[in-house]
Amino acid sequence: MKVLATQRFAGPAWDELDDVEIGTLDELREDVEALVVANESVDEDVLARFPDLRLVANYGVGYDRVDVGACARRGIAVTNTPGVLTDATADLTLALILAVRRGLGVGDRLIRRGEWTWTWSRGFLGDEVTGSTLGIVGLGRIGAAVARRAQGFGMHVLSVRSGATDDAVDALLRTADVVTLHVPLTPETRGMIDARRLASMRDGGALVNTARGELVDEDALVRELVSGRLQAGLDVFADEPRVPEELLALDNVVLTPHLGSATVRAREAMTRLVVDNVLAFERGEPLPTRVA
Ligand code: DGY
């Protein structure tokens, strides 16, 4: 089965694919039966360029840029890589919470600029994580793993599940010191953290996002951050790899380049799952992690 992948993915499992080509989704390819993508857009236009396509194997748990409905209409199966990146993403979430609340980014930059000239006892003060309230939006695998870690840090954990009522989400946003997002990007969740909800967050509160940038009204978030009223730890952005210019100079924001699953273990396990799905498809077996 001819497989086209948008890149070579990490780990030894990749070599188990015997007919894989690295390429783009831009050209008409009548020979390709399976695509491996890292949540690149697979919409009607792309599908039209692959008339023989039977499988889209997404490298990642989030497949929001794959038009699953269009795939289903054409009889194309879609798979993703759930579970194996849960711990890595939850770890990064806690890292961002700690970094934002304790000023790791600003402290690191200050030292590198040679500006640390005072005794420790006069240093700037952060916010204690222990005893603060964490609001988790989305209590799936990653949200639940964040909750377990946060309890270890002595945080009070509040949560709402994906699909919770608007009132429940509003109440969580108003109450938490730190809000962290763990819902998938869908038409219902796009922009759910809007200007009104951001404005309802506590003064000095922090928003942490390791899910998808489009969950948040990014312009409204930038305004809150520029004003200094809120803090943020952001691993994802609405138009990656573009990061709003205004954020670059802010000390109340910690920025990382979509590192949620970026550990050797997680990434190799993601490749393993992608390859298992492709091989199962070839053999006519049930797909291990089929989403459509
Ligand atoms: C995913 O799996 O959807 C992530 O964004 C990759 O870290």
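**Ligand shell, domains and a parallel sheet**

By class, the shell around the ligand holds two nonpolar, four polar and no charged residues (Ala, Val, Leu, Ile, Met, Phe, Trp, Tyr, Cys and Pro count as nonpolar, Asp, Glu, Lys and Arg as charged, and the others, Gly among them, as polar). The model is a predicted one, in which local features need pLDDT of at least 70, side-chain atom pairs count only at pLDDT 80 or more, and totals for chains, interfaces and linings use all residues. Residues are numbered from 1 along each chain as its sequence is written. Around the ligand stand Gly60, Val61, Gly62, Leu85, Gly260 and Ser261, a residue being near a molecule if its C-beta atom, placed from the backbone, lies within 6 Å of it.

The protein is divided into domain 1 (3-83 + 263-283) and domain 2 (86-255), with bounds from an automatic or database domain assignment. Their contact takes six residues from domain 1 and six residues from domain 2 (C-beta atoms, placed from the backbone, within 7 Å). On the side of domain 1 that touches domain 2, there are two nonpolar, three polar and one charged residue.

Turning to the strands, an open sheet with parallel pairing is formed by six of them, in the order S7-S6-S8-S9-S10-S11. Strands here are DSSP runs (E, at least two residues), numbered from the N terminus, and two strands pair if DSSP finds at least two bridges between them. Strand S7 (156-160) and strand S11 (253-255) are the edges, each pairing on one side only. Within the sheet, strand S6 (residues 133-137) runs parallel to strand S8 (residues 178-181), joined by four bridges. Valine 137 stands opposite leucine 181 in S8.

Technical notes:
Two residues are in contact if their C-beta atoms, placed from the backbone, lie within 7 Å.
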